[in-house]
Amino acid sequence: MHGPPLAGWLLVALCAASGSYCLLRMRGEPPGRVRRAAGAEALMGWGMAVMAVPAAALDPRPWGPSLLAAVFAVAAVRALLPAARGGGRALGHHLHHAVGALAMVYMALAMAVGAPAGGGHAGHMAQGRAPGGVPLLTGVLLVYFAVYVVWSATRLAPAGAYGGTEGLAGSRRPELADACRLSMGIGMLAMLVTL
């Protein structure tokens, strides 16, 4: 991704911390839907951390973007298969994972056709452009993740309603899972802005 190296390293730290927390949460869950969702979120967090590493420190081309695109394409398919069978909240959660994974595929492909190492601006992949020069698909993803971030933040507002932490292991505190999703949404927004 493009942008100042400090911002890139801060994004790496945010995404790696979110991915690590999701791994811990996954480990503490019995096999099932919640554990798979935590695993998908861990993959997303660590994938975002890898993508956010400043190009000056690590230029992943030529193989990195293709590998990331393949991994997240598989993740999108894995999210869409249960979404076709499920309903209700599970459906929305699976669709969100699919949108996130497809956004990662889009960003990985943008990295592959980006500027040569050492500077410049990335090539844009979307055919249409919004009035300000932002590729249309990037703009749609920015709007989606901005809405998701606001929605996630509203879920954190009544955190006091959960009561104390009696009987809740650190990995099972619902407000921490919501905070993790919020931070990954913010990270996705930052990555899309610097695309």
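# Burial, cysteines and core in a predicted helical chain

Of the 195 residues of the chain, 39% count as buried, and the model from which this value was computed is a predicted one.

Biologist: How many helices and strands does the chain have?
Modeller: The chain has six helices and zero strands, and from the N terminus on its elements run α-α-α-α-α-α.

Biologist: What makes cysteine 15 buried?
Modeller: Buried means under 20% relative accessible area, and cysteine 15 has a relative accessible area of 0%, so cysteine 15 falls under that cut-off and counts as buried.

Biologist: What is the case for cysteine 22, and how far away is the nearest cysteine sulfur?
Modeller: The nearest cysteine sulfur to cysteine 22, again that of cysteine 180, is 3.0 Å away; because the rule asks for a pair within 2.5 Å, cysteine 22 is in no disulfide. Cysteine 22 is buried as well, with a relative accessible area of 0%, and by this rule the count of disulfides comes to zero.

Biologist: Why is tryptophan 63 called exposed?
Modeller: Exposed means over 50% relative accessible area, and tryptophan 63, which lies in the loop between α2 (33–52) and α3 (64–85), has a relative accessibility of 60%, so tryptophan 63 counts as exposed.

Biologist: Which residues make the nonpolar surface patch that includes Trp63?
Modeller: Leu43, Trp63, Leu67 and Val71 make this patch, whose area is about 400 Å².

Biologist: Which residues of the largest nonpolar core touch the most other members?
Modeller: Among the 38 residues of that core, the ones touching the most other members are Met44, Met51, Phe72, Met104, Met107 and Met188. At least two residues of this core are supplied by each of α1 (5–27), α2, α3, α4 (88–112), α5 (136–156) and α6 (174–193), with the largest share, nine residues, coming from α4.

Biologist: Which residues is methionine 188 in contact with, leaving aside neighbours within four places in sequence?
Modeller: With those neighbours left aside, methionine 188 is in contact with Met44, Met48, Gly100, Ala103, Met104, Met107 and Phe145.

Biologist: What share of the contacts between residues at least 6 apart in sequence joins residues at least 24 apart?
Modeller: For the chain, that share comes to 74%.

Methods
Residues are numbered from 1 along each chain as its sequence is written. This is a predicted model: local features need pLDDT of at least 70, side-chain atom pairs count only at pLDDT 80 or more; totals for chains, interfaces and linings use all residues. Side-chain values use heavy atoms; hydrogens and water are left out. Buried means under 20% relative accessible area, exposed over 50%, partly exposed in between (1.4 Å probe, protein chains only). Patches are made of residues with over 30% relative accessible area and no salt bridge: like charges are joined within 9 Å, nonpolar side chains (Val, Leu, Ile, Met, Phe, Trp, Tyr) within 5 Å. Accessible areas come from the Shrake-Rupley method with a 1.4 Å probe; for residues, only the protein chains shown count as cover. A salt bridge is a side-chain nitrogen of Lys or Arg within 4 Å of a carboxyl oxygen of Asp or Glu. Helices (H or I, at least four residues) and strands (E, at least two) are DSSP runs, numbered from the N terminus. A nonpolar core is a set of buried Ala, Val, Leu, Ile, Met, Phe, Trp, Tyr and Cys residues joined through side-chain atoms within 4.5 Å. Contact means heavy atoms within 4.5 Å.
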